[in-house]
Number of protein chains: 2
Amino acid sequence: MASVREAFVLPSGVIYLDGNSLGALPRSALDRVRAVAGEEWGRGLIGSWVGAGWIDLPRRVGAKIAPLIGAAADEVVAADSTSVNLFKAVLAAADLNGGRSMVLTERGEFPTDTYMAAAAAAVTRGALRHRLCDEGTVAGALDADTAVMVVSHVHYRSGEVRDMAGLTAQAHAAGALVVWDLSHAAGAVRVDLGGANADFAVGCGYKYLNGGPGAPAYLYVARRHQALARSPLTGWLGHAAPFAFADSYEPAGGIARFVCGTPGVLGMSALDAALDVFAGLDGVAVERKGRALGTLFIDLVERRCAGLGLALASPRDPARRGCHVALRHAHGYPVMRALIERGVIGDFRDPDILRFGFAPLYTRYRDVARAVEVVRDVLAGESWRDPRHAARAVVT
Amino acid sequence: MASVREAFVLPSGVIYLDGNSLGALPRSALDRVRAVAGEEWGRGLIGSWVGAGWIDLPRRVGAKIAPLIGAAADEVVAADSTSVNLFKAVLAAADLNGGRSMVLTERGEFPTDTYMAAAAAAVTRGALRHRLCDEGTVAGALDADTAVMVVSHVHYRSGEVRDMAGLTAQAHAAGALVVWDLSHAAGAVRVDLGGANADFAVGCGYKYLNGGPGAPAYLYVARRHQALARSPLTGWLGHAAPFAFADSYEPAGGIARFVCGTPGVLGMSALDAALDVFAGLDGVAVERKGRALGTLFIDLVERRCAGLGLALASPRDPARRGCHVALRHAHGYPVMRALIERGVIGDFRDPDILRFGFAPLYTRYRDVARAVEVVRDVLAGESWRDPRHAARAVVT
């Protein structure tokens, strides 16, 4: 794993523990973006849609993501944002489950999961309804009217891993379908959509997949659903024959119908090249390293920062934890500002959560050890009390 | 205008007449993409969301597009694809016009306009319906049940310009709202959404705006509609306080609520930099040059290619024409392949249309004259009959 770090551009003087929010820059992505802009766009112009394979990017990138999430190559497509893909997946799943009216999400999930589930229900003008369940209770709310349940595989705040196979089986037993959000899981922990008999999934390209800021997202539809599943967003590039410019819509075969508009080639290409870093890597080893980094962090924090106001807000059991760790601190915001000033980059989530991500591909054990010493310095020395750290920026 | 050409990278030996499909590469966009990937992402990492202003890109890019389409800076946002924005605009407009059920589009429009209008109707499970009117009849179909009409300002195939002020007034008189598709207009002809009292508009970033392949699209909502207009795609970045991570959705004020997911920063940045080429340019001069190039092309084709099987498929009157010209030829596909092989790059649209775009910012009169000579050579010499030119690629 150590040599994989060489595949990334990492600024000196920084310990980057926010790869769970924005993955670091792979050298392959930087090279590709330069070539796509300068050569493929600049010199190839319109001919690059075929000549450079731009038109196939949604399926090609999807096929590269597939092995990271336990899917077949023809079950995944890269397109749009995670939010837009959630909308597609929820409505497509609900359509497969006609006669049922309820879409379930859970409080405390990443907000867009709930917002887009509610949006999918709202556009149907009452045919579907959305229910927001209390945290940890979504499976208990499954009943004979549940059409779709949306759950994250790894919780964005706590890092808790949900039991994909178990919850999927529970939903199926109740006659419901599940949309899994893999954003904080894929590229860090092993995901086995096929083994879990999953229905739909969505995920984000810019976290552990390192596709760059706002990288395209992806959508998974199990092969058994593909013949009947329809995207509600029937854009021209999901058409069976987009270049026939027909007045009537006929969906492309398979997963390709979940493409909507023209793909953003710069972002798609960066993600495509970033995924090459995963080629040949063993998912078991990646997950093991990410969790070992997190366990080391928790152990060192408890030894070195005892009595300094930190409390663990993630599962202690590594098997139940993704590759980030959340700590609570009553003054979390200025503490994180002070850490960032010292070169330890994590992030803050309201009201009091410090998140530290341990991207397995480029984070070293020594980075964790060093980061904990900086946490100790900042808390013990109270440098976070500097008034400069109190002012809230728009994004943290 | 001649010096503006210097702002673009243009390959030698090529006469590029497809800027209406994919605009050429502005040097500013190339420089920006390199800097965003290498510096802002590579070195700035997560801090660039605020430090490099990524988070404001949707509104900043929207504000740069605004003067090109006769809008105020706070009436335009860059986001998603044209297809997704059509969906948002049609449903938002229909919601403002509650009680009415019909969404109108016209045969022969760019397909995604019709597909997404139909999609918007379909998700409402019958509350809205979509009607596909015959070509040229959409305004005649307006009646007391029309909620929304979708029309392109410049027709993607023929280049015909629709009367934005007249059609908008006609729709308003019937109590309907209009969604304008500006994809083939903005950056080439003057667009005056404000002067036309327009309601909603969408458009594409990668044609005459030169934002790069699959560049983000944009959405316009007239200020008078903004207080009540709601996006049906309530992604987390359209929230009033996205970083509060609240379980309930509250739309941001104004146009910002039409942002959905996280913006694709590479594509947004390329478009942002590409738009700088328009700074200080006079829209009247841009439009005049684009139309003069088209008129010159038509004149020369009729003089130099008489009897060679070409027929004009665009309005002859430059005031009724955008900046591209369509010609019919019974063997249009192999003819265009032969032209491209000779370095004259236009495109082909089924069944028999050769399209030639005259992007005013980088096309010269001498390019037009030279292109017509190549058209004459290819047709008179029958080099298009080479069997190599008959095989259809996926995209032309």
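Start by selecting A:P351, which is found in the loop between strand 14 and strand 15 of chain A. Helices (H or I, at least four residues) and strands (E, at least two) are DSSP runs, numbered from the N terminus. The peptide bond from A:D350 to A:P351 is cis, with omega near 0°.

Before moving on, some ground rules. This is a predicted model, in which local features need pLDDT of at least 70 and side-chain atom pairs count only at pLDDT 80 or more, while totals for chains, interfaces and linings use all residues. Residues are numbered from 1 along each chain as its sequence is written, and chains are lettered from A and ligands numbered from 1 in the order in which they are written.

**Stop 1: the sheet beside the proline loop**

Two strands pair if DSSP finds at least two bridges between them.

Zoom in on strand 11. Two bridges join strand 11 of chain A to strand 12 (residues 324-328) of chain A, and the two run antiparallel. Pick A:L312: opposite this residue, in strand 12 of chain A, stands A:L327.

Axes are lines fitted to C-alpha atoms, for helices over the stretch in contact, and angles run from 0 to 180 degrees between N-to-C directions.

**Stop 2: A:R190**

Select A:R190, in the loop between strand 8 (177-181) and strand 9 of chain A. Which residues does A:R190 contact, leaving aside its neighbours within four places in sequence? They are A:G283, A:V284 and A:E287. Two residues are in contact if their C-beta atoms, placed from the backbone, lie within 7 Å.

A:R190 is partly exposed, with 16 other C-beta atoms within 10 Å. A residue is buried if 20 or more other C-beta atoms lie within 10 Å of its own, exposed if 12 or fewer, and partly exposed in between; C-beta atoms are placed from the backbone.

**Stop 3: strand 10**

Select strand 10 (residues 218-221) of chain A. A:Y218 and A:Y220 point one way, A:L219 and A:V221 the other way, and all are buried. In a regular strand the side chains alternate between the two faces of the sheet.

Show strand 9 (residues 200-203) of chain A next. Four bridges join strand 9 to strand 10 of chain A, and the two run antiparallel. Then show strand 4 (residues 76-78) of chain A, which pairs with strand 10 of chain A in the antiparallel sense over three bridges. Center on A:Y220. This residue is the bridge partner of A:A201, and also of A:V76.

**Stop 4**

Select helix 10 (residues 332-341) and helix 11 (residues 365-380) of chain A. They pack at an angle of about 125°, with their axes 10 Å apart. Helix 10 and helix 11 of chain A are therefore oblique to each other. Angles under 35 degrees count as roughly parallel, over 145 as roughly antiparallel, 65 to 115 as roughly perpendicular and the rest as oblique.

Color the contact. A:V335, A:A338 and A:L339 in helix 10 meet A:V374, A:V375, A:V378 and A:L379 in helix 11 of chain A. The residues of this contact divide into seven nonpolar, no polar and no charged. Ala, Val, Leu, Ile, Met, Phe, Trp, Tyr, Cys and Pro count as nonpolar, Asp, Glu, Lys and Arg as charged, and the others, Gly among them, as polar.

Go on to A:E382, in the segment after helix 11 of chain A. Its phi is near 55°, a positive value in a residue other than glycine. A:E382 counts as partly exposed, with 13 C-beta neighbours inside 10 Å. From A:R190 to A:E382 is 39 Å in space, C-alpha to C-alpha, and 192 residues in sequence.

**Stop 4: chain B**

Show both chains. Their contact takes 75 residues from chain B and 75 residues from chain A. On the chain B side, the largest share, eight residues, comes from helix 5 of chain B. By class, that side has 47 nonpolar, 18 polar and ten charged residues.

Select B:R125, in the loop between helix 5 and strand 6 (129-133) of chain B. Phi of B:R125 is near 55°, a positive value in a residue other than glycine.

Finish at B:P351, in the loop between strand 14 and strand 15 (353-357) of chain B. A cis peptide bond joins B:D350 and B:P351, with omega about 0°.
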